[in-house]
Amino acid sequence: MAPPGAEYTGAMRWPRLRQDVAIVTWPSFLVACVATMICFAFIDPVLVGNDDYPPPAFATRMSGYAIGFFFFWLISALSSLLTLYLARTARPEPPETDKPDDWTRSAP
Amino acid sequence: MTAPDATEDGGLYAARQKIYPREVAGRFQLLRVLTVWVLLGIYYVLPWIPWGGRQAVLFDLPARKFHIFALTLWPQDFYFLTWLLVIAALSLFFFTALAGRLFCGYACPQTVWTETFLWMERLAEGSRSRQMKLAKAPWTSEKILRKAAKHAMWIVFALWTGFTFVGYFTPITELAGKIASLSTGPWETFWVLFYGGATYVNAGFMREQVCKYMCPYARFQSAMFDRDTLIITYDERRGEPRGARKKGSDHKARGLGDCVDCTMCVQVCPTGIDIRKGLQYECIACAACIDACDEVMDKVGYPRGLIRYDTQSGLEGKRRHVVRPRTIVYASLLALLVTGFAVTLSVRNEVGVDVIRDRNALYRERSDGRIENVYNVKVLNKDRDAHEFRISATGVEGLEVDYVGPTVYVAPGAVQSVPVRIRVPRSALQGGTDLVVSIEAVGRPDLAASGKARFIAPTD
């Protein structure tokens with residue numbers, strides 16, 4: 001057991017790089033899931049480019065869905081990355097009067 | 001950062017302080033374990049339930065059909081899915097306004113799988129203090145064995161999770177057979193490994209960091225909070241000033257509050273925060289600290305509830321309001337959406353028709369002086385029984401519908417393409433007009449649908 005009064009800061013932060021990887025890949029993953037769902041609800045992948053020539057874009061529906069999903073993930077990750085880059089390289093805001101972590105302040 | 005109980009794990013990208021949540025017992029822990037069993041039980045068992053010759057819940061992506069027990073959803077029914085997502089989101093808002101982060105603490109997959117992985121970790125490495133000792137210990141054969149056992153359990157469980165996940169999209173009994181004979185297709189293998197790997201990394205290594213850095217809900221849930229939202233909170237007025245004391249001594253005489261500063265609430269916290277510092281967005285409201293503190297309060301003979309579920313108003317000694325404009329608005333919106341969903345679903349049309357013009361010719365002038373257009377009519381039968389369909393059209397005086405008839409057979413849950421020729425007298429029409437093409441099942445006038453079709457005729 002820990003000695004009484006031991007300091008638990010609760011500030012066990014991830015290093016910046018790991019945070020960046022997480023906040024680029026994860027939100028884009030969520031968005032890609034939604035985009036895939038919406039896209040393939042309206043488009044049947046085996047009918048994409050399914051004329052005599054050129055050959056169909058996707059061999060099977062499953063590969064169509066998977067390739068579509070990764071395409072959406074890549075595109076939205078690029079957007080997340082640009083947003084993160086712009087946010088990170090902006091001139092710093094003047095310090096806020098409230099504590100940045102004090103999210104309860106928005107409660108009425 | 002220099003917490004003495006924290007050791008560094010060889011994490012993915014850089015060292016971080018690993019949190020070893022202390023095991024806890026109590027009513028909320030019981031509730032949480034129960035929820036884990038129910039939710040994971042549903043997740044792992046559901047794909048194995050049969051329903052009339054097929055899997056009860058099967059999102060059959062290759063066939064573009066979603067089976068949910070008696071219900072079959074088609075791509076045309078996509079709005080039901082969207083509607084369901086809106087209902088889910090609104091329920092989240094409603095429960096957040098009522099009782100804070102109930103979802104995070106009890107039902108979020110991240111929490112549920114992390115709980116399970118923590119349990120396996122304890123099985124292999126022992127209690128919290130043993131785990132910490134083991135982490136600092138040199139690499140003896142025992143350490144290697146314990147670590148290997150933990151990872152073996154994690155990997156098996158994660159792979160089973162991935163397999164179950166794919167089992168929602170491909171018939172799971174077939175998938176199990178394919179895995180047993182090592183003949184899974186490339187995408188099946190990939191998705192089993194992808195989802196299994198995600199489970200392993202998320203629940204084994206990333207854990208609370210997901211909530212802290214990756215979860216959007218953790219950030220915007222404050223928008224649903226108000227002074228009457230149930231939160232987990234430390235009663236500062238009662239607890240402070242905190243401090244150690246001898247058992248049975250009169251702490252009030254020494255000017256001490258009820259908090260004995262045992263730090264149990266911090267040790268059990270899966271996100272490693274100190275609830276006594278006030279509400280923090282890292283708090284996933286799992287109530288482990290409530291259980292830990294209640295146990296200590298029982299031991300030292302103080303009343304329970306130094307850390308408890310309460311509202312900000314309640315803490316300030318004011319009245320608590322469960323019914324308030326915010327909850328009324330969320331609840332009525334939710335009721336409206338759920339009712340609408342149920343009604344729409346029950347009156348949903350079981351058949352559909354899609355009329356596509358033949359691309360090769362605009363029109364044909366026949367020797368009998370009539371104009372003919374060719375269409376491809378797709379008859380969709382979403383019903384559970386096969387039906388014979390009749391095709392008809394209206395919109396021009398004297399038109400004639402010609403197809404392989406008199407009826408078209410469509411199997412349950414199938415689409416049948418029917419080439420249809422529609423002829424109208426030359427005198428009836430100049431240019432073009434819109435026709436209405438209808439289908440109706442023989443003997444079932446309720447199974448009917450219609451679609452628009454453009455009819456093109458010469459302009460002279």
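This is a predicted model: local features need pLDDT of at least 70, side-chain atom pairs count only at pLDDT 80 or more; totals for chains, interfaces and linings use all residues.

Let's start with strand β17 (residues 432-441) of chain B, which pairs with β18(B) in the antiparallel sense over ten bridges. By pairing I mean that DSSP finds at least two bridges between two strands.

Residues are numbered from 1 along each chain as its sequence is written, and chains are lettered from A and ligands numbered from 1 in the order in which they are written.

Back to that pair. What sheet order do they belong to? It's an open sheet of four strands, β15-β13-β17-β18 in chain B, with antiparallel pairing. β15 (408-410) and β18 (444-456) of chain B are at the edges with a single partner strand each, so one side of each has no neighbour in the sheet. From one strand to the next, the twist averages 30°.

Chain B has another sheet to show you: an open one of three strands, ordered β5-β6-β7, again with antiparallel pairing. Its edge strands are β5 (57-60) and β7 (71-73) of chain B, and each pairs on one side only. Neighbouring strands in this sheet are turned by 15° against each other on average, direction ignored.

Let's go through it pair by pair. β5(B) and strand β6 (residues 65-68) of chain B run antiparallel over four bridges. Across that pairing, F59(B) faces F66(B) in β6(B), and V57(B) has I68(B) as its bridge partner. The two strands make a hairpin with four residues between them, and R64(B) in the turn has a positive phi of about 55°.

Next, β6(B) pairs with β7(B), antiparallel over three bridges, with H67(B) opposite T72(B) in β7(B). Their hairpin has two residues between the strands, and F69(B) takes a positive phi near 50°.

Now helices. In chain B, the axes of helix α1 (residues 27-45) and helix α4 (residues 109-125) come within 10 Å and cross at roughly 105°. That makes α1(B) roughly perpendicular to α4(B), a label that covers 65 to 115 degrees. The axes are lines fitted to C-alpha atoms, for helices over the stretch in contact, and angles run from 0 to 180 degrees between N-to-C directions.

Who makes the contact? From α1(B) it's R32(B), V36(B), L39(B) and L40(B), and from α4(B) it's V112(B), E115(B) and T116(B). Contact means C-beta atoms, placed from the backbone, within 7 Å. By class, this α1(B)–α4(B) contact has four nonpolar, one polar and two charged residues.

Last stop, chain A. Its secondary structure comes to two helices and zero strands. Among its contacts between residues at least 6 apart in sequence, 58% join residues at least 24 apart.

How values were computed. Two residues are in contact if their C-beta atoms, placed from the backbone, lie within 7 Å. Angles under 35 degrees count as roughly parallel, over 145 as roughly antiparallel, 65 to 115 as roughly perpendicular and the rest as oblique. Ala, Val, Leu, Ile, Met, Phe, Trp, Tyr, Cys and Pro count as nonpolar, Asp, Glu, Lys and Arg as charged, and the others, Gly among them, as polar.
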